[in-house]
Amino acid sequence: MTLNIDKNSRKIAFMTTSMGWGGLEMNVLKIAKSLSQLDYNITLITQERSPIHIRGKDSFSEVIILLKTRKYFEFGLALRISKSLRNKGIKTLIVFDNNDLDVIAWAKNLFFKGLKVIYQQQMQIGINKRDFIHDFRFKTINYWITPLQYLKKEVLEKTNFHADKIKVIPLCTQTSRYVDRKYSKLQARQVLNICPKAPLLGIIGRITRKKGQLFLLEALVELKKRGIEMELLIFGSATINDQESKNYYELILQFVKKNEIENIVHFVEHQEDVTVFYNAIDVFALASHSETFGMVTVEAMLSKLPIIATKSGGTSEILGYGNYGLLYEYENHVEFCQSVSWLFGNKIEIDKMSCHAQEVAIKNYKLEIEVEEIDKLIRTLMLEG
């Protein structure tokens, strides 16, 4: 059934008050650009000088600037948001950050009862949230989008949210960007100014303890002791104005120097074109404590790379519980080294696995799929009046 709505009434709002620039914010901007091409008129609700405000000027028709000082009980902001949306004739709001659910709950319950809310979950639930306060916030939500089945199960186990209002829609990307190689391996390495003499293992992401870069360095030393030659590319930067991240980066540099592995470890700061990273490496590694979804794993699948990843978070489901990549227990050096050894000793099987992984990723993680499903939800809410 086609759900038709007047082009003139396709006014919606996106809300994220995050001051960071990571997977969540990139996904928000990506969806905004795609929905704009479907004639949606999108107003952004954010904080002044937030990265998405600065980077997304061309993707939003208008911006509502907030000054958020507290996580909870922002009644003044709730009133302002409600008035702004009413004045603009906007009745549908998509919220992306769970930190914004409290203010929206107050806005809807006190000032704008006709507001329709879609929440796209991008973080795990964590602790049990079957209490009065969370019930109050979650009852505000008309549809809850979650990217994986394991996350839907977690929502049902740890909240009182209704199952029929939960929609599983994966976080997706422009698949052709990774499938159609921009660089040959040699070209990519020239762009990054590296010249490895052994198979190149790669990890991408912010340099923080939870991402596990130090674990891979420790594994690299262990592999060397076992006579397995590999080099490591660490693609990413420490978080600006985050002392803990900077301290971790310093610890990494000290480890490299102490173990005299400067010649086999390559550092490249984060850059916008991440395809150069995937094109440069031989094996993709994920060492995170737990990735809620892990878009980098999807990108590695699309790039047809052998994958070795932690058996945690959404990674296991994305990798088909070991069908599309090798899984190991978090910070388990023995299992990781065994995976590397098996990978080198079973090239035919690994090549088949990588090809299968790419086929699955192309089928399931096209941006058009995510946008089409979100479009359907928006149309459904608009037609409900």
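Modeller: Let us begin with a term: two strands are said to pair if DSSP finds at least two bridges between them. Please keep in mind that this is a predicted model. One case is found in strands β12 (residues 307-310) and β13, which run parallel and are joined by 3 bridges. Within β13, L327 is the bridge partner of A309.

Colleague: To what sheet do β12 and β13 belong, and in what order do its strands stand?

Modeller: In general, the strands of a sheet pair through backbone hydrogen bonds, either parallel or antiparallel. Here, 6 strands form an open sheet with parallel pairing, in the order β10-β9-β8-β11-β12-β13. Its edge strands, β10 (265-268) and β13 (326-328), each pair on one side only. Neighbouring strands are turned by 20° against each other on average, direction ignored.

Colleague: Which strands does helix α12 lie across?

Modeller: Helix α12 (residues 295-302) lies across β8 (200-204), β11 (283-286) and β12, and runs at about 165° to β11. Helix α14 (residues 333-345) lies across β8, β11, β12 and β13; the angle to β13 is about 160°.

Colleague: How many strands does the open sheet that contains β1 have?

Modeller: That open sheet has 7 strands, ordered β3-β2-β1-β4-β5-β6-β7, and the pairing is parallel.

Colleague: Why is one side of β3 and of β7 left without a neighbour in the sheet?

Modeller: Strands β3 (62-66) and β7 (166-168) stand at the edges and have a single partner strand each, so one side of each has no neighbour in the sheet. From one strand to the next, the twist averages 20°. For a pair inside this order, consider β4 (residues 92-95) and β5 (residues 116-120), which run parallel and are joined by 4 bridges. There, V95 stands opposite Y119 of β5.

Colleague: Which helices pack on this sheet?

Modeller: Among them is helix α3 (residues 75-87), which touches β1 (11-15), β2 (41-47) and β3, its direction making about 165° with that of β3. Another is helix α6 (residues 149-158), which touches β6 (143-146) and β7 and makes about 165° with the direction of β7.

Colleague: Let us turn to the surface. Which residues form a nonpolar patch there?

Modeller: The patch consists of Y72, F73, F75 and L110, with about 370 Å² of accessible area together. Of these, L110 is found in helix α4 (residues 101-111).

Colleague: Why does L110 count as partly exposed?

Modeller: The term covers residues between the buried limit, under 20% relative accessible area, and the exposed limit, over 50%. L110 has 47% relative accessibility, and therefore counts as partly exposed.

Methods: Residues are numbered from 1 along each chain as its sequence is written. This is a predicted model: local features need pLDDT of at least 70, side-chain atom pairs count only at pLDDT 80 or more; totals for chains, interfaces and linings use all residues. Side-chain values use heavy atoms; hydrogens and water are left out. Helices (H or I, at least four residues) and strands (E, at least two) are DSSP runs, numbered from the N terminus. Axes are lines fitted to C-alpha atoms, for helices over the stretch in contact, and angles run from 0 to 180 degrees between N-to-C directions. Contact means heavy atoms within 4.5 Å. Patches are made of residues with over 30% relative accessible area and no salt bridge: like charges are joined within 9 Å, nonpolar side chains (Val, Leu, Ile, Met, Phe, Trp, Tyr) within 5 Å. Accessible areas come from the Shrake-Rupley method with a 1.4 Å probe; for residues, only the protein chains shown count as cover. A salt bridge is a side-chain nitrogen of Lys or Arg within 4 Å of a carboxyl oxygen of Asp or Glu. Buried means under 20% relative accessible area, exposed over 50%, partly exposed in between (1.4 Å probe, protein chains only).
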